[in-house]
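This report describes strand pairing, nonpolar cores and aromatic contacts in one structure. The sequence and the model are shown first.

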Amino acid sequence: SPSVTVTDMTDFNVVEGNSYCAECEVDSNPDSVVTWLYPDGTQTEGYELEIANTNRNDAGTYTCTAGTTFWDGSLAIDRGTMDLNVEYAGIVALVGSEEEVDESESVSFRCTVNGGNPDPFKMQITLDDEVVAQGDDVLGITHLEYTISESTVEDTGSYICIATQRFWNDAENDVTSNVHHLTVNVPASTGLIILVVILAVVVIIVIVIFIRRYRKKQRGLIIHDNEGALIARSRGTADGIDMSDIPTTNIENDNDISPYG
C-alpha cells in the first residue's frame, strides 16, 4: 500500500499575498494517483500543491490522498494532511468622543483592531507623530484607550492609532487607523485677557519712546557770567543744541557753560 508524507516548501505559514508550495511524497508500487483536497472542497491532481497569491480564505486543512491499484484490481489508499496558516493585517479604527471641545474639557479616544491574524503585540496613539499612549502584550492586544481629563490648546491636532503585528518570519507590520482631528478652543474670556495684556505692553512701549524723545529735545545749555549771573539759556532740538541766539561776548571760559535737561 502507498505511504504518504506531506512536506512543505515554505513552512505551514504564509503572509497574505505571498505564494505557497507544498509536496505530497508518496512511496508506492505501482505508482499512485495523487489528489489534493482543499478546505473549500476543491480537488486537484498532482504531487505538488501551489498557491500563487494566497489570501485569508486559503487558510485551513489540505489533504493529500494517494490511491494505488494492484494487479488484481484491489485499491490501497493513504492520506496526509497539513494546516495552512495565512497571516494578514487587521482593520484599525480610532474613535474620539469629541471633535471640538473647549479648554479644560475632557476628551477620550478608543482604538480597536478587528480581523487581523495574528493580533498586534503593540498599539500606539499618536498626536502629530508624537506618541501619547501605548499598550504592549506579547500574547496580543486588540484595543487601546486614551483620555485627556483637562484639555489645552496643545492637545489640538491629528490623532492616529498604529497597531504593530509580528508575522511568523519575525517581520513587523504596522497598520494605521483613520485620522481623528481634535480642536481645543480657548474660552472668549481668556482670549480677551491675552488681548488686553498685549495692548498694555504696546502702550507702555509707545510711552517710553515718547518720553525719551521729549527729554532729548529739552536738553540745552545754561550760560552765566563770572559772578554767576544767568546770561542765556539754550534749548535742545532733535538735531542738537541751538546756539544761534546766545551772546558769546560775556563767555570767558568753559566753566561759564553748564548743561541742563
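## Strand pairing

In β6, Glu48 is the bridge partner of Glu23. Strand β3 (residues 20-27) and β6 run antiparallel and are joined by four bridges; two strands count as paired if DSSP finds at least two bridges between them. Strands are DSSP runs (E, at least two residues), numbered from the N terminus.

These strands belong to an open sheet of three strands, with the order β1-β3-β6 and antiparallel pairing. Its edge strands, each pairing on one side only, are β1 (3-8) and β6 (48-51).

## Basis of the model

The model is predicted: local features need pLDDT of at least 70 and side-chain atom pairs count only at pLDDT 80 or more, while totals for chains, interfaces and linings use all residues. Residues are numbered from 1 along each chain as its sequence is written, and side-chain values use heavy atoms, with hydrogens and water left out.

## Nonpolar cores

The largest nonpolar core has 21 residues, and Phe109, Met123, Ile125 and Tyr159 have the most contacts inside it. Such a core is a set of buried Ala, Val, Leu, Ile, Met, Phe, Trp, Tyr and Cys residues joined through side-chain atoms within 4.5 Å. Buried means under 20% relative accessible area (1.4 Å probe, protein chains only), with exposed over 50% and partly exposed in between. Elements giving two or more residues to this core include β9 (91-96), β11 (107-114), β12 (122-127) and β14 (143-148). The largest share, four residues, comes from β11.

Apart from this core lies another, of 17 residues, among them Val4, Leu49, Tyr62 and Leu84. Ile125 touches residues including Leu94, Phe109, Tyr146 and Tyr159, not counting residues up to four places away in sequence; contact means heavy atoms within 4.5 Å.

## Aromatic contacts

There are three aromatic pairs, where rings of Phe, Tyr and Trp (its six-membered ring) pair if their centres lie within 6.5 Å; planes under 30 degrees apart count as stacked, over 60 as edge-to-face and the rest as tilted. The rings of Tyr38 and Tyr62 have centres 5.2 Å apart and planes at 65°, so this pair is edge-to-face. Tyr38 lies in the loop between β4 (33-37) and β5 (43-45), and Tyr62 in strand β7 (residues 60-69), 24 residues apart. Tyr38 is buried at 18% relative accessible area, and Tyr62 is buried at 1%.

For Phe109 and Tyr146, the ring centres are 6.2 Å apart and the planes at 20°, so the pair is stacked. This pair links strand β11 with strand β14, 37 residues apart, and both residues are buried. Ring pairs link Phe109, Tyr146 and Tyr159 into a cluster.
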